[in-house]
Amino acid sequence: MKKIGKWEKIQKNKKIDSLPSHINKDMLSSEISTNEKVLKESFQNCSDFVIRPIYISGETKIFVIYVDGLSDAKTLDEVFLKPMMFEGLPEGMGEVRQIGQILKQHLVAISQVTTVSKMSELVDGVLKANVGIIVDGETDALLAELKGYEKRGIEEPSTEVVIRGPRDGFIENLRTNTSLLRRRIRSTSLKTEPITIGEFSQTDVIIAYIDGIVQDSILDEVRTRLKRIQIDGVLESEYIEEFIEDNPYSPFPQIQNTERPDIVASSLLEGKVAILVDNTPFALVLPMTFWSGFQAAGDYYERFMYATFIRIIRFILLNVCIFFPSIYVALTTYHPKLIPTSLLISIAASRESVPFPAVIEVFLMEFMFDGLREAGIRLPKPVGSAVSIVGALVIGQAAVQAGIVSAPMVIVVATTGIASFGIPRYSFGNAFQMLRYVMLILAGCLGFYGIVIGFIALIIHLVNLRSYGVPYFSPVAPLILRDLKDIVIRTPRWAFNYRREFFAGRNKKRIPKGQKPSPKQGRNSK
Amino acid sequence: MNRRLICFVIYSSLLFTSGCWDRVEINNRAIWIATGLDAIEKEGIQLTGQILIPSSMNPQNGGGGNGEKNFFLISAIGKNITDATQKIQMKLSRKAFYGQRRVLLLGEEFAKLGLKNQLDFTIKDPNASLRTDAFVVKKGTAIDMLNLSYPLENIPAEAPLKEHSQAGGMSDTSYLHFLKAVNSKGIRPSLPAIEIGNFQDGEGVGKKGEKSYQLTGSAVFDQDLKLCGYLNMEEYRDQLWIMEVLKKRSLTILIEDGNVSLDLDKMGSKVIPEISRNKNIKFTIVLTGEGAVIENNTNLDLTQPKNLEFMQNEFNKQYKKQVAHTITKVQTEYGTDIFGFGEVIHKQIPYQWRDLMNDWDKKFSDADVTVKVNLTIRRVGMSGPSLRK
């Protein structure tokens with residue numbers, strides 16, 4: 001706490017230093033030349049800052065202020081400059097003194113216009129892609145929203161692909177993202193609270209939730225934690241995530257991130273809270289539980305039986321991902337008794353010429369695999385395929401033929417690699433990637449005993465973990481039977497009668513009971 | 001925070017520096033798949049191990065099909081097993097690993113001398129697998145047996161094991177049963193017996209080198225764990241049936257001038273003990289079985305219920321005689337209760353057992369045994385009457 005206080009002081013001092021002290025900088029002056037001076041001073045050396053003077057009837061001076069590239073200059077010409085310069089003020093519009101009012105009401109043909117009276121608000125507005133208009137003799141300025149910066153089109157998110165389901169994803173523009181949400185939940189209950197974070201970046205952050213479903217204690221906690229953040233800039237939602245998560249030393253993410261508006265919308269309907277951050281397509285959803293780590297969006301867009309089946313597969317993959325290499329090491333070096341004889345012999349046969357112990361062998365291969373994975377992300381696309389071929393040949397075949405690693409080891413590592421991609425949430429899978437190495441060390445030193453120790457430690461950690469007051473392992477531990485409907489098995493949608501105990505606040509009922517379709521029901525309803 | 005970090009480093013270094021690792025890589029283990037024990041006069045016992053050569057079984061190099069043996073035998077003579085093991089280890093470049101030992105062969109001479117002084121090792125060693133099938137090598141030595149390779153099995157020691165399980169015996173739990181019997185007063189141990197024989201039966205066939213293992217029944221032990229005789233295969237099956245171990249069996253009987261075979265798959269048994277006032281012990285053994293007639297070389301048309309019933313009775317009658325004969329043979333010739341009748345009394349009439357257990361072998365020999373066989377023919381095959389009709 002001490003450190004933060006100090007930092008705050010430094011920031012304050014800076015502000016005072018950079019502004020001249022003889023005039024009240026913050027209020028807009030009626031003298032337009034003073035305003036101009038102040039503005040030019042604050043935008044000193046900002047080459048993208050435009051301040052454009054206009055004279056109406058040869059006397060009244062108007063300044064149009066915007067940041068080049070952020071505001072739509074073309075539209076500005078169309079709707080403001082042209083009528084202003086060629087047509088002038090309409091006649092009989094009253095006194096020149098109220099020109100600002102007139103401008104706002106009649107002249108600026110832009111839908112969103114606000115009036116500000118403080119210099120800092122004006123500057124902020126301009127920096128947020130608005131066009132500022134100050135008029136001589138007025139102590140108010142107009143901020144017209146004319147955002148005109150470049151943005152990416154809406155694309156299918158590449159990290160969370162579904163076979164069936166909506167294909168739109170968030171983009172870097174916050175407004176577009178909220179519109180994607182609003183299109184899904186057309187209710188006034190969907191609230192989007194704005195908050196600005198970042199000393200320099202002044203990033204817009206939106207807390208989205210559904211009023212009436214959300215648990216107020218969680219929402220309040222989100223607000224306080226967000227307000228606590230003091231940071232120079234927020235460039236990605238991860239910047240925020242690290243400030244507001246419960247246990248920073250856990251390998252497991254306690255806040256879910258997603259690029260998919262449908263995931264956010266469905267989470268909101270469950271009573272969760274979403275945090276949208278400008279300039280990044282990744283939204284944060286909280287609270288998160290262990291089980292949401294392997295629920296994919298596709299689960300809800302397939303019929304429930306297949307969804308359940310695939311979830312069970314995924315659960316097995318999750319365990320394979322973390323335990324398989326260590327079990328292999330423990331079995332072959334400590335407990336060969338447990339391996340069926342013929343399998344043991346084929347493992348022994350292929351290990352015959354391998355110079356390293358099994359642990360070292362696994363480490364080598366896992367290291368190479370993770371290396372390939374990392375290289376695959378970094379490599380430019382044309383080179384990527386070449387590297388993957390080399391990787392596959394070198395690791396898969398040449399290493400086995402040269403007798404550096406054994407063939408079963410390649411199978412183990414490859415299976416583990418595939419399994420690690422079976423976890424739908426990337427950042428959740430990362431935790432298991434890392435823990436795999438811990439398990440390997442334990443298995444290499446202590447055998448199955450070590451794996452069991454590691455497993456127990458892992459479970460203890462997971463059970464202790466909380467995300468915004470929600471136990472990470474819920475509803476399995478603590479056990480809430482009603483909520484088990486959407487954990488490993490996914491029951492049909494008409495059976496989701498209640499919202500999750502820990503997420504939803506007041507409104508726990510989700511859908512009325514008795515909607516299971518059946519022929520009998522059809523006749524009755526007729 | 002700093003203290004936590006230091007604690008973490010210290011504790012995690014325990015993992016690597018503790019030094020008492022029992023980690024042994026597979027390529028530093030000699031996979032010992034079968035043990036043979038033979039008696040050597042005066043000097044004690046000869047321990048033989050069958051050890052696999054993994055490199056000869058590498059699937060990438062074409063795998064063992066090139067006529068070379070993929071195992072080798074190693075043996076040593078010692079006062080007891082540990083002594084011999086130690087001597088064997090001097091000849092072995094890798095640590096002998098007993099975890100995969102599935103077969104234990106006892107030479108006939110060794111079994112006759114008695115196992116009492118030699119078996120402790122197999123129970124005490126934590127690495128030794130108790131899922132072992134033990135055999136007595138009838139008319140032979142264990143080392144001869146271990147020297148044979150088996151054309152079907154990559155691991156030759158698996159051949160007797162699989163033969164045993166094909167015969168419906170207890171296969172890899174037989175040694176465990178044996179040990180249980182050793183520690184119980186109401187049952188005397190018996191082990192399956194195996195013999196070296198030719199693959200082809202009959203005159204003039206079978207090259208000299210092509211020897212096979214052949215299950216020949218069971219070896220009966222007495223109270224001192226000394227081999228006292230053998231039962232043949234049919235008798236062994238009767239024994240297993242009474243002990244409710246047998247899972248399948250084919251029965252063949254002669255009726256008039258033809259013969260019939262019944263393939264049983266659901267088999268059960270019940271032993272009912274009865275002790276009269278004058279301390280006469282009586283056992284009633286009810287054997288049940290269900291199955292299909294798979295060969296019918298008689299004139300009987302089994303689609304007729306009358307004939308079916310007749311045949312069922314015929315089976316019951318003939319096998320009642322056969323089982324009774326087996327029991328009488330054990331009672332009179334060997335006088336040791338390999339069926340575990342004593343255990344049945346122990347469980348069902350425990351207060352009487354205390355008086356009986358001390359001289360059980362004799363009482364077993366004197367007991368009255370009544371056998372009842374209740375077979376049910378469920379299916380009579382695909383076609384109706386037999387071809388002879």
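The legends below walk through several close-up views of a predicted model. Residues are numbered from 1 along each chain as its sequence is written, with chains lettered from A and ligands numbered from 1 in the order in which they are written. Because this is a predicted model, local features need pLDDT of at least 70 and side-chain atom pairs count only at pLDDT 80 or more, while totals for chains, interfaces and linings use all residues.

**View 1. Chain B as a whole.** Chain B has 12 helices and 13 strands; helices (H or I, at least four residues) and strands (E, at least two) are DSSP runs, numbered from the N terminus. Its C-alpha atoms fill a box of roughly 85 × 60 × 60 Å along the principal axes. Of the 389 residues of chain B, 37% count as buried. Here a residue is buried if 20 or more other C-beta atoms lie within 10 Å of its own, exposed if 12 or fewer, and partly exposed in between, with C-beta atoms placed from the backbone. Among contacts in chain B between residues at least 6 apart in sequence, 70% join residues at least 24 apart; a contact means C-beta atoms, placed from the backbone, within 7 Å.

**View 2. The largest nonpolar core.** This core has 95 residues, and those with the most contacts inside it include B:I31, B:L105, B:L106 and B:F135. A nonpolar core is a set of buried Ala, Val, Leu, Ile, Met, Phe, Trp, Tyr and Cys residues joined through C-beta atoms within 7 Å. Zoom in on B:L106: leaving aside neighbours within four places in sequence, B:L106 is in contact with B:L37, B:A111, B:A134, B:F135, B:V136, B:V137 and B:A142.

View 3. Four strands line up in the order β10-β11-β12-β13 (chain B), with mixed pairing; two strands pair if DSSP finds at least two bridges between them. At the edges are β10 (249–255) and β13 (368–379) of chain B, each pairing on one side only. Neighbouring strands are turned by 35 degrees against each other on average, direction ignored. Strand β12 (residues 281–296) of chain B runs parallel to β13(B), joined to it by 11 bridges, and B:T284 stands opposite B:T370 in β13(B). Helix α8 (residues 233–242) of chain B lies across β10, β11 (258–275) and β12 of chain B, at about 50 degrees to β11(B). Helix α10 (residues 341–348) of chain B touches β11 and β12 of chain B, and its direction makes about 45 degrees with that of β11(B). Axes are lines fitted to C-alpha atoms, for helices over the stretch in contact, and angles run from 0 to 180 degrees between N-to-C directions.

**View 4. Helix α9 of chain A.** In α9 (residues 261–270) of chain A, 7 of 10 residues are buried, among them A:P261, A:I263 and A:L268. The cover over these buried residues includes α6 (174–184), β7 (203–210) and β9 (273–277) of chain A. After α9(A) comes A:G271, with a positive phi near 105 degrees.

**View 5. A loop residue, A:D232.** Look for A:D232 in the loop between α7 (216–228) and α8 (237–244) of chain A. A:D232 is exposed because 11 other C-beta atoms lie within 10 Å. Not counting residues up to four places away in sequence, A:D232 touches A:G198, A:E199 and A:F200.

Terms used: Contact = placed C-beta atoms within 7 Å.
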